[in-house]
Amino acid sequence: MDTRREAVTGTLGCLFAALGAVTGLLWWSPYGIRALAGSFEDTREWKVLLLGLPVSVVAGVAAALCVFAAVRGRWRHALIAAAILAAVTACGWAFDAWEGAPPVCGPGC
């Protein structure tokens, strides 16, 4: 019986992680679509696939696992997932700061 409970818990953890990955992808999609579509003078920013997408997906997974661990009462695991989430978020902000502000587009955009 204990093995079944562990299997259900593991399956729920995987489902939470998958939901977090999808949420991260959906969070990234408006930014990514705008950058890949060539919003300024048809210049496409392919770096969003290398930097923005993985950061968003990993942040979504870390946030989901943090919530999952907190709901289960595993506070140490929740704090570790929160620390990973904070580190990934800091990396995302650093990438944005490194790239600089996007060019200002005129009224035709």
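A residue counts as buried when its relative accessible area is under 20%, as exposed when that area is over 50%, and as partly exposed in between (1.4 Å probe, protein chains only). Of the 109 residues of the protein chain, 21% are buried. The model is predicted: local features need pLDDT of at least 70, side-chain atom pairs count only at pLDDT 80 or more, and totals for chains, interfaces and linings use all residues. Residues are numbered from 1 along each chain as its sequence is written, and side-chain values use heavy atoms, with hydrogens and water left out.

**The chain as a whole**

The protein chain has three helices and zero strands, in the order α-α-α from the N terminus. Helices (H or I, at least four residues) and strands (E, at least two) are DSSP runs, numbered from the N terminus. Among contacts with a separation of 6 or more, 60% join residues 24 or more positions apart; a contact means heavy atoms within 4.5 Å. The chain exposes about 7900 Å², and carbon and sulfur atoms supply 71% of this area. Accessible areas come from the Shrake-Rupley method with a 1.4 Å probe, and for residues only the protein chains shown count as cover.

**Helices α1 and α2**

The axes of α1 and α2 lie 7 Å apart, and the two helices pack at an angle of about 145°. Axes are lines fitted to C-alpha atoms, for helices over the stretch in contact, and angles run from 0 to 180 degrees between N-to-C directions. By class, the contact of α1 with α2 has 18 nonpolar, eight polar and one charged residues. Ala, Val, Leu, Ile, Met, Phe, Trp, Tyr, Cys and Pro count as nonpolar, Asp, Glu, Lys and Arg as charged, and the others, Gly among them, as polar.

**An aromatic pair**

The whole structure holds one aromatic pair. Why is the pair of Phe-16 and Phe-68 called tilted? Their ring centres are 5.0 Å apart and their planes are at 45°, so the pair is tilted. Rings of Phe, Tyr and Trp (its six-membered ring) pair if their centres lie within 6.5 Å; planes under 30 degrees apart count as stacked, over 60 as edge-to-face and the rest as tilted. Phe-16 lies in helix α1 (residues 2-36) and Phe-68 in helix α2 (residues 47-72), 52 residues apart.

**Accessibility of three residues**

Ser-56 is also placed in helix α2. Apart from neighbours within four places in sequence, Ser-56 contacts Gly-24 and Trp-28.

| Residue | Relative accessible area | Class |
|---|---|---|
| Phe-16 | 29% | partly exposed |
| Phe-68 | 12% | buried |
| Ser-56 | 15% | buried |
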